[in-house]
Amino acid sequence: MSIDAVKRPSGLTALANPTRFLALVKVLLPYLWTATLILLGLALWMGFSVPDDYQQGRTVRIMFVHVPSVWMAMGAYMVMVSGALGVLVWRHPLADVAARAAAPLGAAFTFLGLATGSIWGRPMWGTWWVWDARLTSFLVLFIIYLGLMALWNSVEEPAKSARMAAVAVLVGALNIPIIRFSVEWFTTLHQGPSVVRAGGPSLAPHFLYPLLIMGLAFLFLFITLHLMAMRNEIMRRQIRTAQRKAARSHQSGGQKTSKSTSETST
Amino acid sequence: MRALLMRDMRLALRSGGSAAVALLFFLAVVVAMPFAVGPNAQLLATIGGATLWIGALLAGLLGLERLFQIDREDGSLDQMILSPVPLPAQVFIKSLAHWLVTGLPLTLTVPIFGIFLGMNAATVGASMATLFVGTPAISFIGAVGAAVTVSLPRGGLLLSVLVLPLCIPVLIFGVGAVRAAVTEPDPFLPPFLLVSAISLFFSVLGPFAAAFALRLGLD
Amino acid sequence: MGFPSPQPVVKPLIMKLQVNNLSVNRGEEQILSDLSFSVATGEALIVRGANGAGKSTLLRALAGLLSSESGSIEIVEPEAEFADQTVSDLCHYLGGDNAMKPALSVEENLQFWQDFCGRPHLDVEEALDMVGLDGLQTVPFAHLSTGQRRRIAIARMLVSYRPIWILDEPTSGLDAASEKQFSALMQAHLEDDGLIIAATHIPLGLASASELELQTFVAESDL
């Protein structure tokens, strides 16, 4: 995502930058939606037209939803990490908006990954859930996403919640490898390497292409939803600023209230 | 620095302080366990290490909420930030004080709880050793959570949600080491050293991240 | 850190706190804009203004508790002893809260701050005597009245030495007699080549004090 970098968070640039971003989003969204829908349709059609797997039967098609969800679940965290760095290092006004908008999406894709994994696991492993390394670490990731969302929501002031959440996101990011490693250790200790790992490295090309197209479709879906979520977040903040300004000018004399109500409507 | 350590410990040990409550809470969790799983001595002994670790984790989280919150409310945090002593060092000291009044006493009372749970000497020893090296990690990771949620009115719940997932590795290796000490073929040392490594890692990362968050959270 | 010095040490020093074009934001709002002034040792600056004009914001920014958006806060012409130190290192900040633990006694509280802040000045007993509360050493802080608590917080500034005092409504909760006592303490601090910046609406009774009037500033900022 290339957003024009503006170093200073104050003054006219801050005003212009989100506004420019909103205008850009407005232009881009129809194209993005079109691309997303075409790719999704194509990937679904390809996915359903592949022959059944000789081992897994038709359940192999769950992979086409499961694997891209997992990719996006991890990708969303990457977006949050870069947003957090953007907040702390460059103080970019849109960085926190980007990070914050990515969190619910990441949580949703993680949930989708967990749910499809579970549905896939039922016929494959004979149970809805196993304490497999991947499933377990994704469960932890899911909890981390929810915790971060709660943190963002519970700090009232955006500037402050941005910095707090950025610290939490980065500490979480440093932890993820440790969690991953410990969970790996935990599962191998407890049940041995008997878990059937679906897919495997040698994926036949007729499965690979639908998967890649679906991955691309999910990527576009993510970008589209992310831009929309960012747009909503910016608008929410503009309303907030306008409301606070109204309160302030009311406090300092009252004669400015007519001006601030006109600002609220913009 | 010693003044800060002494003051924090004194506050925790005074009546109404967090140390006694944490210990009581630990007792309550450990005692509740047999009621949940049944009085089967064999089973209780097997899950003894796990019970102690869960108890220690929850008891550790209990007092963390107030780690910086009281200082913020009464204005001490402002003074700490103005102090010439680097803030990460102060956070380290405060986390250390938290550990000295929660993690350490819990570790030392393990032999008593071991009797309740029907654990043998080897398990008790292993539990004490792993809790000793593992509980500091809870205090140090928790300090970050406490710093991030310092200005929230009900930060305690959020703190637990944020900190618990990050404590999972400590729990896995801690309980794993206790288990390994009992079941013969598994080596005790690797998970034990991993717990120690995590504690050391967070004793560095935790204070810096927490101090950073405290500074950013000023208003 | 350790032994308190037995008598108040008079520290001759010359320095100036220079503020240039300071702007400070709180959240998204700009509270202070383009503020410049300077205060030298031996001088007091009284900051006035309506609620919300940014008095507390200014004091917190001066102490280093808030970062400024633009402009600078500098110590100019410092005495050798205070060279290369920031305002944070050289100031006592007395905010709205007293920074005392209710569970600890008055003496434990003050002793802690002396050990913690370093540069011991008066010992605890002398400091308590100065604020007229000698004899309350062993009383838990929680048992004191509002005015007494404030006086203990003032005593905190006496137990370790800082040339700059930044005071936010220092006399809140004090009765007339204690206010007078506090004015005398401030006067003594100024004569000791101290420097005071205080926000208040009531006269502090200082002989040589300049004033800074803050206007409510409605900024045009967005997001």
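Two strands pair if DSSP finds at least two bridges between them. Helices (H or I, at least four residues) and strands (E, at least two) are DSSP runs, numbered from the N terminus.

The model is predicted: local features need pLDDT of at least 70, side-chain atom pairs count only at pLDDT 80 or more, and totals for chains, interfaces and linings use all residues. Residues are numbered from 1 along each chain as its sequence is written, while chains are lettered from A and ligands numbered from 1 in the order in which they are written.

**Exercise 1. Work out the strand order of the open sheet in chain C, and place the helix that packs on this sheet.**

Step 1. Three strands of chain C form the open sheet, in the order E2-E1-E4. Their pairing is antiparallel.

Step 2. Find the edges. Strand E2 (29–40) and strand E4 (70–76) of chain C each have a single partner strand, so one side of each is left without a neighbour in the sheet.

Step 3. From one strand to the next, it averages 15°. Axes are lines fitted to C-alpha atoms, for helices over the stretch in contact, and angles run from 0 to 180 degrees between N-to-C directions.

Step 4. Check one pair. Strand E1 (residues 16–26) of chain C is joined to E2(C) by eight bridges, in the antiparallel sense. Leu17(C) has Val39(C) of E2(C) as its bridge partner.

Step 5. Place the helix. Helix H1 (residues 55–63) of chain C packs on the sheet and touches E1, E2 and E4 of chain C. Its direction makes about 120° with that of E1(C). Contact here means that the C-beta atoms of two residues, placed from the backbone, lie within 7 Å.

**Exercise 2. Describe the fold content and the dimensions of chain B.**

Step 1. Count elements. Chain B has 11 helices and zero strands.

Step 2. Compare with the globule rule, 2.2 Å times the number of residues to the power 0.38, the radius of gyration being taken over C-alpha atoms. For 219 residues, a compact globule would have a radius near 17 Å; chain B has 18 Å, which agrees.

Step 3. Take the spans. The C-alpha trace of chain B covers about 55 × 35 × 30 Å along its principal axes.

Step 4. Look inside. Of the 219 residues of chain B, 56% are buried (20 or more other C-beta atoms within 10 Å of the residue's own; exposed is 12 or fewer, partly exposed in between; C-beta atoms are placed from the backbone). Among contacts of chain B with a separation of 6 or more, 80% join residues 24 or more positions apart.

**Exercise 3. Find what chain A brings to its contact with chain B.**

Step 1. The contact takes 23 residues from chain A and 21 residues from chain B.

Step 2. On the chain A side, helix H4 (133–154) and helix H5 (158–191) of chain A give two or more residues. The largest share, 15 residues, comes from H5(A).
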